[in-house]
Amino acid sequence: MSHAANDTCPICTKSDWRDFKLGSTALRECRSCTVTVNALLPENSELDAYYRQSYVLKRADESVALLTAERRRYSRFPEQVSLIADIQKHIPSPANVLDVGCDRGFFLDEIRRHGYSVRGVELSESARAACDAIGISVTGTLGEVPEKWADCVTLWHVLEHIPQPLDFLSVVRTRMTDHGTLMVRVPDFSTLWRSILGSRWIWFQPQNHYVHYTARSLRLLLENAGFSVISCVSRRANTLLTHRAYRVARRTFKKSMGLKTPLRTQRWQNI
């Protein structure tokens, strides 16, 4: 069951829309702040059920699912090192890091090795179980995290999943210390690849991405939520190092574990 998006923009609260379609998906672009939102949004109950149960790696064989997750972990290592280095510039350890939407805890597992205390928030029950198995404290909701606990909150590819980002960020702020830092990554809807590939762009996932950001709209969202923006950079998702890490992980797991990469993943993962 879906409902129409609110008439007011979730970022700037204005009502100046341009309606269009990308593939078969109806979208609305705010002419004021350049954010794009899905014209139809799921009900809150659907969202909760989807992320708790459906938004997981699905494989018939549980051992294959585990290997697939571990291959992802190895391929993302250079990217995670870069993210940790960015955090160290602003919040040296020891400090508390809260990763919202932490999935199986790969990032938290890496950054705690650098002297940080970590917590996670993750709706997926299977992902929380994986975190628990490696000793990472993860809750199902932000409300379960102590107020003013986090010196740093990370939202790696989270905001695009949130239909009402201003309300969400207001809760995030209550979990941060007075001088805490928020770090965000979202797909850049204004990228050249999106213009070329249209609905075939790998980051256009309207089934679970509801808000599509440009650098301008992301900056405006953060400012409207009460944050002072230190920097906002648009860059390619993957560097030469991550390209190489993908290849090494793919070849290693194929050779040693017999785990193959689907053709579509091989084709698009470096865009």
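Predicted model: local features only at pLDDT ≥ 70, side-chain atom pairs only at ≥ 80, totals over all residues.
Local features need pLDDT of at least 70, side-chain atom pairs count only at pLDDT 80 or more, and totals for chains, interfaces and linings use all residues. Residues are numbered from 1 along each chain as its sequence is written, and side-chain values use heavy atoms, without hydrogens and water.

Five strands form an open sheet in the order β8-β7-β6-β9-β10, with parallel pairing. Strands (E, at least two residues) and helices (H or I, at least four) are DSSP runs numbered from the N terminus; pairing requires at least two DSSP bridges. β8 (138-139) and β10 (176-185) are edge strands with a single partner each, so one side of each lacks a neighbour in the sheet. Strand β9 (residues 150-156) pairs with β10 over 6 bridges. Cys152 stands opposite Thr181 in β10.

The model has 13 salt bridges (side-chain nitrogen of Lys or Arg within 4 Å of a carboxyl oxygen of Asp or Glu). Arg185 and Glu79 meet at 2.4 Å, N to O. This pair links strand β10 to helix α3 (residues 77-90), 106 residues apart. Both Arg185 and Glu79 are buried (under 20% relative accessible area; exposed is over 50%, partly exposed in between; 1.4 Å probe, protein chains only). Lys148 bridges to Asp178, with the closest N and O atoms 2.7 Å apart. Lys148 lies in the loop between β8 and β9 and Asp178 in strand β10, so the pair ties together parts 30 residues apart in sequence. Asp178 is exposed, at 64%.
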